[in-house]
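Please look at the aromatic side chains with me before reading the points below. They are set out pair by pair.

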Amino acid sequence: MTEDDVVDEGLLTIGAFAARARLSAKALRLYDRLGLLAPAHVDEVSGYRYYRADQVERARLVAMLRRLDMPLARIAEVVEAAETEGAERLAAYWADVEARVAGQRTLVEYLRGRLSGRSSELYGKFEIETVDVPAQVVITETRHTLADELPAWIGASLGRLEVAARECGGVTAAPFVVYHSEVSMESDGPAESCVPVADEAAARAWAAGRGRRWEAGVRVEPARRLAYTRISKAQVAHPQILAAFEAVEAWMEREGLEYDGPCREIYFADWDAAGAEDPVCDVAFPVR
């Protein structure tokens, strides 16, 4: 294709296209290299890039999506999708961003309290209560895990146990996770996911049959009094959740209560349906 042919076909030079799209030629070359916006034609001899006028909208869209710090792979998904689907993909990405920012906001509050020596003020934001919980038959899954792997394992293990509960008379109370030792980036627990079920005999049969491959089991969780505080989905992230645990411990000390078992997180809400600020979890310590 000669330069006359390019003109005849109504293609724009990279400079003319950049001016129309309100972008720099450097940005257009970057979009080409990233596979987000390829030129309509590249001259084999000169290497000059040419664009069609109808590519302007895509160029502007890519530029705006990059301003949202959207990963390149997700930008490609949005611009390649049909209109409605592209809007849905953008909405899903922004929901993830808002959830992450909400978590970071609570982390900043936690760190500011620590760094300024105002931890007691931070603890005051949590409302602490007690509740008596009856004995429960629970099917369980135990794993040694570090903090960065913990959220994925909690979701997966509770999902498996809730499916298994159908064979054990059904779920009778909110699932919970017990920390038998510290879980952090240096310590791997173990942690134990627990789902209360109705039928102890069926639960023991399930554990004997198919539970072994998950390091699963069944036990009776004794009746306990719990000191707890309710937290939002954003506050569940590590390490900001530590502020909730510490607030409950500080309250226990003031009230003269002693530990009566390992701490736990009780998940009473639909995690996937909850927003960042919705309450989803009770952080609790057994007390006496």
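1. In this note, buried means under 20% relative accessible area, exposed over 50%, and partly exposed in between, with a 1.4 Å probe and protein chains only. By that scale F245, at 10% relative accessibility, counts as buried, and Y179, at 8%, counts as buried too.

2. The model is predicted, so to speak of local features a pLDDT of at least 70 is needed, side-chain atom pairs count only at pLDDT 80 or more, and totals for chains, interfaces and linings use all residues. Residues are numbered from 1 along each chain as its sequence is written, and side-chain values use heavy atoms, with hydrogens and water left out.

3. Searching the whole structure gives 6 aromatic pairs, where rings of Phe, Tyr and Trp (its six-membered ring) pair if their centres lie within 6.5 Å, and planes under 30 degrees apart count as stacked, over 60 as edge-to-face and the rest as tilted. One of them joins Y93 and W94, a tilted pair with 6.5 Å from centre to centre and 50° between the planes. Y93 is buried at 5% relative accessible area, whereas W94 is partly exposed at 36%.

4. Y179 and F245 form an edge-to-face pair, 6.5 Å centre to centre with 85° between the planes. This pair links distant parts of the chain, 66 residues apart, with Y179 in strand β6 (residues 176–179) and F245 in helix α10 (residues 241–255); helices (H or I, at least four residues) and strands (E, at least two) are DSSP runs, numbered from the N terminus. Y179 and F245 also belong to one aromatic cluster with Y259 and F285.
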